Amino acid sequence: MDDFPGGANSFEVCAKFCYGMTVTLNAYNVVAARCAAEYLEMTEDVDRSNLIYKIEVFLNSSIFRSWKDTIIVLQTTKPLLSWSEDLKIVGRCIDSIASKTSVDPANISWSYTYNRKLAEPDKIIEEGINYRDKMENIPRDWWVEDICELDIDLYKRVMIAVKSKGRMDGAVIGEALKTYALRWLPDSVDALISDDHALRNKSLVETIICLLPSDKGVGCSCSFLLKLLKVSTLVGADESLREVLVNRIGLKLPEARVGDLLIPARSPQITIYDVELVQSIVNRFVIHEKSNWDLDVVRKNEKGTDNFILGHGSLVGVGRLIDGYLAEIAHDPNLNLGSFIDLSQLLPELARPIHDGLYKAIDIYLKEHPSLTKAERKRICGLMDVKKLTMEASMDAAQNEQLPLRVVVQVLFFEQVRSSAAARSLNNHPSDASHSTTNLDEECDKTAEENCKPLGKQLSQMKVSAELQKTGKLGKKNSKNSRSGVQLLPSRSRRIFDKLWSVGKGGHGENKSSETSGSSQSPTSIVPGDSKFVSSRHRRHSIS
């Protein structure tokens, strides 16, 4: 009798029942016994209170009323799935589990597994919490760990039934899916993509994606969604399901961390991380943000960084996130310049009120890719607006030998503009230091508007202020007014300007370099005592 359901053990149960012997039924053998009794047609038509009737009473009065026994019975249906389906044992187990998950936590009287709670110090006895208080403190996701023992096919059916009840919050559904993924998905990449488990992992992650809460704005954290995307990419999940994850992550991108975005690339990509995938996510985020922008508010916020940050904090947060991601992937020697620039330019200018993070990423990329041409260095540095660098970043950039000379000169010039604006603001309001600080940016913008013409015309349009003529006096002012932001130029920066000036006087030929054609005309390249800049056409000389 090879086809006898449940084998010898279930046959023994049926035989003992026929001879009037005591039969012991429990959650582990009741399914096999029920299928065997059905196979032997032990119905009421043959004899009253036959084995089928007895087992059905046991199921309804005991098993389906117990939370853990119902889960055990559902697990034991797997080897006898076709019989269990015909006898509706699977359906009744799933309905019982789904119904219990929807019960008000205050009314739960059965035991359950909640390791996250047990991992914390047990203070119930110490603090004298009574039974009623303990029951009221039962979390809404009390059930998620027990059903994690189910195989993915049965788990999927249970979760569909739970969701169909319409009583479960999306956040709890998301927590259940996260707990199941942590239970079954391996941590290591090698184990994830191994031949023995690749198909199972692929089926598992595809099922979890299908079970995500319908409300895209709640439920699962961005970190969890990115981990699902990482796994789905590694195991080769269906493209449409990965697209679902990309869309969801785009809505929650401000919650992400840099480490979550570091998704390993798969062949034929040669980079360490999948930069194209992150570009898709950022693009979805930008599209979503643009659909929600109020153009009038945007125009107003463009006039003031403070108001902008209040109105578009998520956009600024994503700007910092992507700058941090760029700094990580910049270490990759196989990352081409186009990918770096394309990802950086996906975000609107409003996402970066400060360019320190972008400068850091560019600096790393330049150091890791020393073979870049002058044109390529100029191109990547064009992503950065030196006017949006903080004082600290400006001082670092001014001494950065990786940057093109033109960029260094621009940094020094705008730093001096800022210092001059700070000094002017302080002099205009000597009795109100707070007022000078408030108007510092306005003074700097005003000075920049007046002075920051194309670098090829600056020398013939600007004059030198008294502070810049007398460097000694400026140094004294720096020590007194350090709080207002006025600082001395670094020694390397002075050497640059000295070199520029000496070459400008020498007249040994025109400079055709793309790096210095404009930067050598910086208004900060002056001779002490002169009150006017040298004409730009006499300053275009080689300094290399």
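Colleague: What relative accessible area does Asp-95 have, and is Asp-95 buried, exposed or partly exposed?

Modeller: A residue is buried under 20% relative accessible area, exposed over 50% and partly exposed in between, with a 1.4 Å probe and protein chains only. Asp-95 has a relative accessible area of 42% and is therefore partly exposed. The model is predicted, with local features requiring pLDDT of at least 70 and side-chain atom pairs pLDDT 80 or more, whereas totals for chains, interfaces and linings use all residues. Residues are numbered from 1 along each chain as its sequence is written, and side-chain values use heavy atoms, without hydrogens and water.

Colleague: What pLDDT does the chain average, and what share of the residues scores at least 70?

Modeller: pLDDT is the predictor's confidence in each residue, from 0 to 100. The chain averages 78, and 70% of the residues score at least 70. Over residues 447-489 the pLDDT is below 50, although this stretch has 80 contacts in the model beyond near neighbours in sequence; a contact means heavy atoms within 4.5 Å. Residues 117-135 likewise stay under 50, with 9 contacts beyond four places in sequence. Where pLDDT is low, the predicted coordinates should not be read in detail.

Colleague: With which residue does Asp-95 form a salt bridge?

Modeller: Side chains of opposite charge can pair when their charged atoms come close. A salt bridge is counted when a side-chain nitrogen of Lys or Arg lies within 4 Å of a carboxyl oxygen of Asp or Glu. The partner of Asp-95 is Lys-165, the closest N and O atoms being 3.4 Å apart. This pair links distant parts of the chain, 70 residues apart: Asp-95 is in helix α6, and Lys-165 is in the loop between α9 (152-164) and α10 (170-184). Helices (H or I, at least four residues) and strands (E, at least two) are DSSP runs, numbered from the N terminus. Lys-165 is partly exposed, at 29% relative accessibility.

Colleague: How many salt bridges does the structure hold?

Modeller: The structure holds 15. In one of them, Glu-56 pairs with Arg-92, with the closest N and O atoms 2.8 Å apart. Because Glu-56 lies in helix α3 and Arg-92 in helix α6, the pair ties together parts that are 36 residues apart in sequence. Glu-56 is buried at 17% relative accessibility, whereas Arg-92 is partly exposed at 24%. A network of salt bridges links Glu-56 and Arg-92 with Arg-34 and Glu-38. Another bridge joins Arg-418 to Glu-415, at 3.9 Å between the closest N and O atoms. Those two residues are 3 residues apart in helix α24, which means a separation of about one helical turn. Arg-418 is buried at 16%, and Glu-415 is buried at 2%.

Colleague: How many residues are in the largest nonpolar core?

Modeller: A nonpolar core is a set of buried Ala, Val, Leu, Ile, Met, Phe, Trp, Tyr and Cys residues joined through side-chain atoms within 4.5 Å. The largest has 132 residues, and those with the most contacts inside it are Trp-143, Ile-147, Tyr-155, Leu-253 and Phe-340. Helix α13 (residues 222-235) gives the most to this core, with 9 residues. Among the residues that Phe-340 touches are Leu-326, Ala-361, Tyr-365 and Leu-383.

Colleague: How many aromatic pairs does a search of the whole structure find?

Modeller: Rings of Phe, Tyr and Trp (its six-membered ring) pair if their centres lie within 6.5 Å; planes under 30 degrees apart count as stacked, over 60 as edge-to-face and the rest as tilted. The search finds 10 pairs. The rings of Phe-4 and Tyr-39 have centres 5.2 Å apart and planes at 75°, so this pair is edge-to-face. Phe-4 is buried at 6%, whereas Tyr-39 is partly exposed at 32%.

Colleague: Where is the peptide bond cis?

Modeller: Most residues other than glycine have a negative phi, and most peptide bonds are trans. The bond from Ser-267 to Pro-268 is cis, with omega near 15°. Glu-41 has a positive phi, near 55°, and is found in the loop between α2 and α3 (51-61).
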